[in-house]
Amino acid sequence: MNIFTAAVSGVLVGMLGLTALPSVRRRAVDRLARRLDLRLEPSLATRIGRRVTLRQRSGLLGALLGVGVGTAILLSQPGPVDGEPWLPIDIWMLTGMMFVGSGIGFSLSALVAIPRPDADAPRVARSRVLGIGDYVDPFELVPTRVLAPTALALAVAANIGALSGAAPASDNGLVPAALVLAVLAIVTLVIFELGARALLRRPTPAGSLQELAWEDGLRATAVRQLLTAPLTFSLIAVIWSGFGLLEAIPGQVALVVVNVATPLLTAGLVVIAVLAFARHPERYFRRRLWPYPAVPPARDQPAADPR
């Protein structure tokens, strides 16, 4: 087995084992509460703690399964043999499959773990049906929906150029690899669209506003995790397709394009990172669905006890 696969699998198995420790589970709940900016009342600590632990374990098991499937696919193809280093495409493939598996695991945990309020407790219901746009910040959702088909178009163009002789085929295999990643971006985007809608159609019985807010937080986290795979595949496919398309441009023109595009791309990535840090997209559902007067924030909350 490749060293990269073994190392990733070992880390995932170790993290899975740590979820058996009460202290680790408690810290996971506290971190999630702060990240989502949701206060965890003592009456909900045990119930939410179990949901978070189930979510962690399902995500890690899904990631392991994704790595296993990706490894099996790579080993079935002509290429590096056992003991040899894999190419960047192989590593990115495994990374993307890990995201796919973890996203599916997170979503399945949310689908099967239906909250069950006490029989004599009041029930809280919604007055309207919610959609993906209520849980995922447009800052994340719109670019991914645009980037995946763009990546496929660029990858097809780069491969047509290579096959027609307009550009020499890349020795490192980036051009055909970009097409594989672009197709995976489309497939995982479809998985996201279908999986997110299935998750959001699931009933949400709750005994209080606080419990319903936590259900929304867990849903938003699962949906955003599903979005990671198509975004990762799309970004890498666009970059690798760009390298292939540059081969079809005369050398001097290609040099100008690189000199102009590199600082612009770097600046764009910095701006995106700053905006993501400032916007807290993981709290988008909080701002849209649960203003502070309705549900108190996470600050000064008591420590969680997820036993």
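## P149 in helix α5

P149 counts as partly exposed, because its relative accessibility is 40%. That value lies between the limits of 20% for buried and 50% for exposed. P149 sits in helix α5, which covers residues 138-164. This placing comes from a predicted model.

## The whole chain

The protein has 9 helices and 0 strands. Read from the N terminus, its elements run α-α-α-α-α-α-α-α-α. There are 307 residues in the protein, and 44% of them count as buried.

Now look at contacts between residues at least 6 apart in sequence. Of these, 87% join residues at least 24 apart.

## Confidence in the model

The mean pLDDT of the protein is 78. A pLDDT of 70 or more is reached by 77% of the residues. Over residues 80-85, the pLDDT is below 50. Beyond near neighbours in sequence, this stretch has 7 contacts in the model.

Residues 303-307 also have a pLDDT below 50. This stretch has 19 contacts in the model beyond near neighbours in sequence. Where pLDDT is low, the predicted coordinates should not be read in detail.

Helix α2 covers residues 22-36. V24 is in helix α2. Is V24 buried or exposed? V24 is buried, because its relative accessible area is 16%, and the cut-off for buried is under 20%. The C-alpha atoms of V24 and T53 are 9.6 Å apart in space. In sequence, V24 and T53 are 29 residues apart.

A33 also lies in helix α2. Its relative accessibility is 0%, so A33 counts as buried. The C-alpha atoms of A33 and P297 are separated by 9.0 Å. Along the chain, A33 and P297 are 264 residues apart.

D37 lies in the loop between α2 and α3. D37 is not a glycine, yet it has a positive phi of about 60°. D37 counts as buried, because its relative accessibility is 8%.

## Helix α1 against helix α3

Two packed helices are described by the angle between their axes and the distance between the axes. Helix α1 spans residues 3-18, and helix α3 spans residues 42-75. They pack at an angle of about 165°, with their axes 9 Å apart. Why are α1 and α3 called roughly antiparallel? Angles over 145 degrees count as roughly antiparallel, so α1 and α3 are roughly antiparallel to each other. Their crossing is left-handed.

From α1, the contact is made by T5, V8, S9, L12, V13, M15 and L16. From α3, it is made by R57, L60, L61, A63, L64, V67 and T71. By class, the residues of this contact divide into 10 nonpolar, 3 polar and 1 charged.

## Helix α3 against helix α7

Helix α3 also has a contact with α7. The axes of α3 and α7 come within 12 Å and cross at roughly 10°. Angles under 35 degrees count as roughly parallel, so α3 and α7 are roughly parallel to each other.

Which residues of α3 make the contact with α7? They are L44, R47, I48, R51, V52 and R55. On α7, the contact is made by Q210, E211, W214, E215, L218 and T221. The contact of α3 with α7 has 5 nonpolar, 2 polar and 5 charged residues.

## Helix α6 against helix α7

Helix α6 covers residues 174-200, and helix α7 covers residues 209-246. Their axes come within 8 Å and cross at roughly 160°. That angle is over 145 degrees, and α6 and α7 are therefore roughly antiparallel to each other. The crossing of α6 past α7 is left-handed.

How many residues of each class are in the contact of α6 with α7? There are 25 nonpolar, 5 polar and 1 charged.

Technical notes: Residues are numbered from 1 along each chain as its sequence is written. This is a predicted model: local features need pLDDT of at least 70, side-chain atom pairs count only at pLDDT 80 or more; totals for chains, interfaces and linings use all residues. Side-chain values use heavy atoms; hydrogens and water are left out. pLDDT is the predictor's confidence in each residue, from 0 to 100. Contact means heavy atoms within 4.5 Å. Axes are lines fitted to C-alpha atoms, for helices over the stretch in contact, and angles run from 0 to 180 degrees between N-to-C directions. Helices (H or I, at least four residues) and strands (E, at least two) are DSSP runs, numbered from the N terminus. Angles under 35 degrees count as roughly parallel, over 145 as roughly antiparallel, 65 to 115 as roughly perpendicular and the rest as oblique. A crossing is left-handed if the near helix is turned anticlockwise from the far one by less than a right angle, and right-handed if clockwise. Ala, Val, Leu, Ile, Met, Phe, Trp, Tyr, Cys and Pro count as nonpolar, Asp, Glu, Lys and Arg as charged, and the others, Gly among them, as polar. Buried means under 20% relative accessible area, exposed over 50%, partly exposed in between (1.4 Å probe, protein chains only).
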